[in-house]
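Trainee: I would like to learn how to read helix packing and salt bridges in a model. Please take me through them.

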Amino acid sequence: MAPPRPSPAARLLREYGWDLLLGSIAAFYAVMVPYTKVEESFNVQAMHDILYHNYHIEKYDHLEFPGVVPRSFIGALVVSVISSPAVFIMHLFHIPKVYGLLAVRMMLGSITLITLRLIRVQVKNKFGHHAEAFYVMLTATQFHLLFYSTRPLPNILALAFVNLTYYFWFKGNYLRTLQALIVAAVIFRCDMILLLGTIGLALLLSRSISLLEAVKCCVSTAIICIGFTVLVDSIMWRRILWPEFEVLWFNSVLNRSSEWGTHPIHWYFTSALPRSMLVAYPLSVVGASLDRRIVKYILPVFLFVILYSKLPHKELRFIIASIPMLNVSASLAASRVYNNRKKAGWKLLYVLMIGGFLASLGYSSVTFMASYNNYPGGYALKALHEADSLMKEKTVHIDAFTAMSGVSRFCESEYPWSRYSKEEEISIEEYQERNFTYLLNEHRHISGYKCLFAVDGFSRAKIQPRIPPLSLVKEPKVFAHGNTRDPDILSLNWPGCP
């Protein structure tokens with residue numbers, strides 16, 4: 001007798017269950033930590049302005065605060081257009097704009113996770129169900145990849161196309177492999193040209209593609225992408241420009257990025273990758289030694305990280321595009337250990353691997369708690385809105401630290417909150433000459449203003465000789481001040497500052 005056919009729900013779970021797991025984790029991170037930081041500010045403000053100011057470019061934030069280098073509007077435009085129906089409904093029902101921020105982040109996360117699904121399917125087709133399962137479990141226990149997946153960084157916009165690159169590469173469609181990387185490098189992150197170089201060289205040496213084919217493909221795709229980004233971004237920036245070329249000139253030719261701090265040449269391999277990959281980091285090395293099929297894929301990615309290590313200014317997000325491929329190698333090692341777990345000599349490796357998974361889960365939990373407390377500016381503005389219900393016009397000044405730690409235009413409210421100022425270079429003495437109703441500031445004492453409350457933020461982790469062995473130390477980071485010349489404000493019930 002033939003076995004009963006699975007129900008539609010069972011078929012759906014079998015097809016998309018792993019994707020639902022990763023999507024649920026990414027959504028949890030986005031809901032619990034909805035605010036954004038300074039690295040995301042351009043795309044966040046651009047998405048807000050596209051959704052709420054539409055074609056009134058003169059009102060856009062980037063014209064007042066252009067940042068160090070220009071960035072492309074294309075990613076923000078695509079995500080905003082897809083999110084616009086949800087944001088329109090929110091606007092009709094007067095739902096706070098911060099939920100619009102959540103909507104665009106969820107949409108960006110969906111795009112990123114769809115591309116991760118494409119990789120997962122190829123892992124299943126090429127390496128089997130066990131490798132697929134471990135690929136998902138390794139990704140799920142890593143904090144950074146899923147936490148960043150909803151964050152509107154240029155690196156994450158580029159990551160979607162890098163994931164497409166890996167998908168086409170596994171599938172054997174080498175022209176599409178190069179084209180996806182060209183889009184990522186020309187429009188979103190010029191540093192992806194390093195990954196294009198290593199993967200392109202690997203394809204040429206393996207004779208997967210001819211030099212003439214590669215040149216024709218890359219040049220034609222680059223010309224189209226350059227034309228598109230110059231057209232769109234010249235309109236938005238009100239001057240003729242190719243954003244990623246200016247970024248490349250600033251970072252590589254002028255080497256100005258080092259002004260934001262430097263790390264030793266080995267930092268990616270001794271700090272960034274171990275923290276972001278956790279148990280998958282050693283497993284990725286083991287996977288390359290156990291299964292030669294992955295070597296031709298992992299070696300160009302490894303060389304990409306080596307080449308990037310030459311740049312003095314280093315951040316994890318710069319090499320986050322390498323993690324999905326390294327996770328594939330790690331999943332092969334985990335699958336091999338699992339399949340041989342009952343054999344002599346493999347039992348210890350299996351126990352160590354399980355311990356590594358548990359340790360990764362614990363580390364990711366601690367890292368999430370630290371990140372949860374790392375956006376005091378956003379929490380301070382939310383608390384200020386909730387505490388003051390007086391129906392009179394109010395102005396708020398937001399200093400640079402507060403703006404960089406969670407405040408964006410999505411966090412602003414409507415009347416009676418009439419104006420939010422991010423005017424820079426105001427001295428502490430000058431505030432009392434201004435007529436701001438409130439200040440959100442990193443300073444505890446400001447003349448002419450009373451400190452109303454403080455918001456704590458993550459400071460450091462502390463090891464302690466008890467359970468739990470690790471605790472997070474928080475300290476006041478952002479202080480809310482009220483104008484002493486406004487008796488109505490001072491009459492409200494404020495908790496005060498420590």
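**Helix packing and salt bridges**

Mentor: Helix H4 (residues 74-92) packs against helix H5 (residues 98-127) at an angle of about 145 degrees, with the axes 9 Å apart. Helices here are DSSP runs (H or I, at least four residues), numbered from the N terminus, while strands (E) need at least two. This is a predicted model: local features need pLDDT of at least 70, side-chain atom pairs count only at pLDDT 80 or more, and totals for chains, interfaces and linings use all residues. Residues are numbered from 1 along each chain as its sequence is written, and side-chain values use heavy atoms, with hydrogens and water left out.

Trainee: How should I read the angle and the distance?

Mentor: Two packed helices are described by the angle between their axes and the distance between the axes. Axes are lines fitted to C-alpha atoms, for helices over the stretch in contact, and angles run from 0 to 180 degrees between N-to-C directions.

Trainee: Is the crossing of H4 and H5 left-handed or right-handed?

Mentor: Look at how the near helix is turned from the far one: anticlockwise by less than a right angle is left-handed, clockwise is right-handed. H4 and H5 cross in the right-handed sense.

Trainee: Which residues in H4 and H5 meet?

Mentor: Contact means heavy atoms within 4.5 Å. From H4 come Val79, Ile82, Ser83, Val87 and Met90; from H5 come Tyr99, Gly100, Ala103, Val104, Met107, Leu108 and Ile111. By class, that is 10 nonpolar, two polar and no charged residues. Ala, Val, Leu, Ile, Met, Phe, Trp, Tyr, Cys and Pro count as nonpolar, Asp, Glu, Lys and Arg as charged, and the others, Gly among them, as polar.

Trainee: How many salt bridges does a search of the whole structure find?

Mentor: Side chains of opposite charge can pair when their charged atoms come close. The criterion is a side-chain nitrogen of Lys or Arg within 4 Å of a carboxyl oxygen of Asp or Glu. The search finds 20. One joins Glu15 and Arg117, at 3.0 Å from N to O. Glu15 sits in helix H1 (residues 8-32) and Arg117 in helix H5, 102 residues apart.

Trainee: Is Arg117 buried or exposed?

Mentor: Buried means under 20% relative accessible area, exposed over 50%, partly exposed in between (1.4 Å probe, protein chains only). Arg117 is buried, at 18%. Glu15 is partly exposed, at 36%.
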